[in-house]
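Please read the points below with the model open.

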Amino acid sequence: YACDAGFADCDGVAANGCEVALASDAAHCGACGAACSVANAAATCAAGACTIGACNPGFGDCDGAAANGCETNLLASATRCGRCDNACPTGSSCAAGACGSATDADLSVGLLHACARRSNGTAVCWGYNGYGQLGDGTTTTALAPVSVRGLGDATTLAAGSEHTCALRSNGSVACWGRGTYGGLGNGSTVSSAVPVAVTALSDAVQVAVGGAHACALRSSGSVVCWGANTRGQLGNGSMTNSAVPVAVAGLTDATQISAGALHNCARRASGAVVCWGLNREGGLGNDTTADSNVPVAVVGLTDAVQVSAANEFTCALRAGGTVACWGFNIYGQLGNNATMNSRVPVAVAGLAGAVQVAGGGYHACARRASGTVVCWGQNLYGALGDGTTTNARTFVSVPGLTDVTQLSAGGYVTCARHASGAVTCSGSNTGGQVGDGTSTNRLVPTPVLGLP
């Protein structure tokens with residue numbers, strides 16, 4: 001017997017006739033046995049030719065050629081960072097799908113302490129140390145940087161309220177400081193003044209630390225979290241604390257994560273953003289004030305290249321260099337010249353040319369491609385760095401900062417890494433978190449001792 005055009009008897013069984021549609025069967029595409037396979041993607045068959053069904057998380061088909069599949073690593077390509085049409089500015093690199101400097105993993109500010117990575121993979125921390133969050137084996141507060149013990153291969157640092165974590169070069173994560181709620185991720189609720197390994201985590205590409213919890217982005221695009229879960233900040237559909245990593249529900253295509261005090265957000269490969277956890281001030285951006293223990297989509301945001309979760313508010317850097325924020329706004333931390341909360345993203349007024357955004361306690365800052373910095377929001381202790389203690393509902397320029405390669409904002413402090421490797425900080429210094437050897441608040445950027 002003869003098969004109709006476009007069909008074939010590929011199994012040789014006459015009873016089921018010509019069972020294969022050669023135009024659409026991915027296992028027999030155009031001919032029996034011609035199975036489709038494309039790199040970094042699920043393959044399909046269309047009109048008898050193999051094509052791309054869907055790219056794997058973190059990859060993109062930027063050249064439109066099915067033959068080489070989804071050829072671009074969107075997590076690391078400086079010319080196609082996060083999306084095929086997003087090129088990073090000159091001198092900027094791509095990390096976890098967001099544009100920034102190659103030193104973007106080197107600096108992190110928590111509530112009352114801060115940490116910096118040295119070029120050799122070691123780390124130093126300074127500030128309040130009541131739970132061992134400086135990692136030097138003591139609980140003694142340090143007004144200047146002290147070395148983290150036993151850490152020589154750090155690639156990323158993340159400081160939270162009372163604990164700190166580091167991504168290591170082999171994809172594992174180590175944490176230190178307060179472990180009361182399981183925030184160290186090692187199966188224990190005991191604090192540690194030196195780094196301890198997070199349980200069963202060997203493929204992490206980013207780590208983020210919040211109030212009493214932490215999260216890690218895995219190479220697959222999935223996310224795991226551990227620690228306190230009182231407001232659903234672990235994202236696994238429960239409100240139960242976990243001392244070991246648990247998977248965030250339904251999230252498989254994340255390219256960057258950020259942890260706030262009691263909520264988290266993730267940027268997806270598409271440029272959309274999802275958030276989960278506390279939402280009483282609208283910090284999840286989904287036009288409600290209901291907490292969520294699973295990720296929910298931020299309304300109207302489809303072109304994010306980086307997200308920064310803070311204390312009940314969140315900001316996102318958009319592809320064109322603008323910034324949008326949402327949530328708590330009593331101090332003007334949304335930057336939209338208002339003090340009313342917003343449950344959906346609103347634009348930071350007049351800001352353009354941004355390449356990084358950093359949310360702190362009740363303030364936020366942005367780094368521009370030029371290396372200059374602007375900040376907005378609460379300024380009670382000088383965290384905006386403009387020499388005043390006046391809150392700002394729209395951004396103000398930080399004087400003297402012209403070569404910044406990375407920003408990090410914490411509780412009431414902002415720190416900047418300079419092209420030279422030096423670090424400057426401004427804001428509250430009661431716990432020594434400015435790192436200048438004193439406990440005097442600083443209203444302008446002040447050098448951290450001993451860096452680089």
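The numbered points follow, starting with the basis of the values.

1. This is a predicted model, in which local features need pLDDT of at least 70 and side-chain atom pairs count only at pLDDT 80 or more, while totals for chains, interfaces and linings use all residues. Residues are numbered from 1 along each chain as its sequence is written, and side-chain values use heavy atoms, with hydrogens and water left out.

2. Strand β23 covers residues 273-277, and five of its five residues are buried. Buried here means under 20% relative accessible area, with exposed over 50% and partly exposed in between (1.4 Å probe, protein chains only). Strands are DSSP runs of E of at least two residues, and helices are runs of H or I of at least four, numbered from the N terminus. Val273, Cys275 and Gly277 point one way from β23, Val274 and Trp276 point the other way, and all are buried.

3. On one side of the pairing, β22 (residues 263-268) runs antiparallel to β23 and is joined to it by five bridges; two strands pair if DSSP finds at least two bridges between them. Asn264 has Trp276 in β23 as its bridge partner.

4. The structure holds three cavities of 30 Å³ or more. A cavity is a set of points, on a 1 Å grid over the protein atoms alone, where a 1.4 Å probe fits but cannot get out; lining residues have an atom within 4 Å of a point. Grid points are joined across faces, edges and corners, and the volume is the space filled by probe spheres set on the points.

5. The largest cavity has a volume of about 70 Å³. Of the 15 residues that line this cavity, Val398, Leu401, Thr414, Ser426 and Pro445 are the closest to its centre. Elements giving two or more residues to the lining are β31 (373-377), β34 (413-418) and β35 (423-427). The lining has eleven nonpolar residues, four polar and no charged. Ala, Val, Leu, Ile, Met, Phe, Trp, Tyr, Cys and Pro count as nonpolar, Asp, Glu, Lys and Arg as charged, and the others, Gly among them, as polar.

6. What is the make-up of the lining of the second largest cavity? Its residues divide into two nonpolar, six polar and two charged. Among the lining residues are Glu162, His163, Arg178 and Tyr181, and the volume of this second largest cavity is about 40 Å³.

7. There are four aromatic pairs. Rings of Phe, Tyr and Trp (its six-membered ring) pair if their centres lie within 6.5 Å, with planes under 30 degrees apart counted as stacked, over 60 as edge-to-face and the rest as tilted. Tyr362 and Tyr412 form a tilted pair, 6.5 Å centre to centre with 50 degrees between the planes. They are 50 residues apart, Tyr362 in the loop between β29 (354-359) and β30 (363-368), Tyr412 in the loop between β33 (404-409) and β34. Tyr362 is buried at 18% relative accessible area, whereas Tyr412 is partly exposed at 28%.

8. Tyr412 also pairs edge-to-face with Tyr381, at 5.4 Å centre to centre and 80 degrees between the planes. Tyr381 lies in the loop between β31 and β32 (392-397), 31 residues from Tyr412. Phe328, Tyr331, Tyr362, Tyr381 and Tyr412 form one aromatic cluster.

How values were computed. On a 1 Å grid over the protein atoms alone, a cavity is a set of points where a 1.4 Å probe fits but cannot get out, and a pocket is an open set with protein on both sides within 12 Å along at least five of seven lines; lining residues have an atom within 4 Å of a point.
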